[in-house]
Amino acid sequence: MTRIRQSFVWWCAKAGGDYTPEQFCQAAKEIGYDAMEMATPEELHIIRDAGLEISLIIGHQSLKDGMNRPENHSRICDELAASIEIGAEWGVHTLCCFSGDRYDGCSDLQGAEHTAECLAKMAPAAEKAGVMLCPELLNSKVDHAGYQCDRTAWGVHVCRMVNSPAVRVLYDVYHMQIMEGDLIRTIQDNIEWIGHFHTAGNPGRRDMDDVQEIQYEPIARAIAELDFEGYVAHEFRPKGDTVEAMRAAYELFDVV
């Protein structure tokens, strides 16, 4: 088993409201976290000053108007190029990418091909910089109606078409519980194409406690047993004290 590298998402820390960013990052470091993520470029220094890594930043805009539209490729490639430079400068592990929503005249297969085409343009630069491009799997049932990259098979198909070590899916356990279930088997069958994980309790995207439906203990063990070398990042709205919620999430995935 490989120790899971854990991260906490910046907006979730801000949702608590009881700590300064500096206090929160220091608390994360003391708990044992390796990283924080999804901060703006102007905030990255706070994470690094606390001795933490930066596991992920947003690679481009926008979630709904994304890579599955060929007319967006020039804009998105420019945005990704700028994000890759930031990633190389700050040692960022992952850039989060988005397929965009489905639209008339574009089948799921065509959307995957368009998305792969955009990623393939930027994969060489990402490889050179040591940054991973990760299209995120999101649910289209509850939170992101119309989003196209809403199934593991779709995201993996995109990665296979690009065929670059710098392109892997961001597997969000919360979103894929809503869309697919069968979480552990899906993770095991596709681990070579997964570059990053997000977690949260379902329903509600709250703490991973005993009143939500996902059994995270066996999921954590399964990821550790697969010798996954990327990050598992916790992305939920804490019900109570943010630091205590962050501590509980860390302990849940500290399985080695």
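Guide: One cut-off to start with: a residue is called buried when its relative accessible area is under 20%. Also, this is a predicted model.

Visitor: Fine. Is Y33 buried or exposed?

Guide: Y33 has 2% relative accessibility, so Y33 counts as buried.

Visitor: How many aromatic pairs are there?

Guide: The count is eight aromatic pairs. In one of them, Y33 and Y250 are tilted, with 5.1 Å from centre to centre and 55° between the planes.

Visitor: Where do Y33 and Y250 sit in the chain?

Guide: Y33 is in the loop between α2 (21-31) and β2 (35-37), while Y250 is in helix α10 (residues 242-253). They are 217 residues apart, and the pair links distant parts of the chain.

Visitor: And why does Y250 count as buried?

Guide: Because its relative accessibility is 8%, and the limit for buried is under 20%.

Visitor: What about Y216 and F253, how are those rings arranged?

Guide: Their ring centres are 5.9 Å apart and the planes are at 55°, so this pair is tilted. Y216 belongs to helix α9 (residues 216-225) and F253 to helix α10, so the pair ties together parts 37 residues apart in sequence. Y216 is buried at 1% relative accessible area, and F253 is buried at 1% relative accessibility.

Visitor: Which rings are linked into a cluster?

Guide: F8, Y19, F24, Y33, F236 and Y250, joined through ring pairs.

Visitor: Switching to charges. Which ring does R5 lie over?

Guide: R5 lies over the face of Y231, 4.3 Å from the ring centre. In another case, the charged end of R69 sits over the ring of Y103, at 4.0 Å from its centre.

Visitor: Now the core. How many residues does the largest nonpolar core have?

Guide: It has 88 residues. Those with the most contacts inside it are Y33, M36, L133, Y171, F197, I223 and F253.

Visitor: Take Y171. What is it in contact with, leaving aside neighbours within four places in sequence?

Guide: The contacts of Y171 include L137, T152, M176, L183 and T186. Also among them are I187, I194, H196, F197 and H198.

Visitor: Last topic, helices α8 and α9. At roughly what angle do their axes cross?

Guide: The axes of α8 (residues 183-190) and α9 cross at roughly 10° and come within 10 Å. Angles under 35 degrees count as roughly parallel, and α8 and α9 are therefore roughly parallel to each other.

Visitor: Which residues meet there?

Guide: From α8, L183, I184 and I187; from α9, P218, I219, A222 and I223.

Notes
Residues numbered from 1 in each chain as written. Predicted model: local features only at pLDDT ≥ 70, side-chain atom pairs only at ≥ 80, totals over all residues. Heavy atoms only, no water. Phe/Tyr/Trp six-rings, centres within 6.5 Å; stacked < 30°, edge-to-face > 60°. Helix = DSSP H or I, 4+ residues; strand = E, 2+ residues; numbered from the N terminus. Buried < 20%, exposed > 50% of the residue type's maximum accessible area, 1.4 Å probe, protein only. Lys NZ or Arg CZ within 6 Å of the ring centre and 35° of its normal. Core = buried A, V, L, I, M, F, W, Y, C linked by side-chain atoms within 4.5 Å. Contact = heavy atoms within 4.5 Å. Axes fitted to C-alpha atoms, helices over the stretch in contact; angles between N-to-C directions. Parallel < 35°, antiparallel > 145°, perpendicular 65-115°, else oblique.
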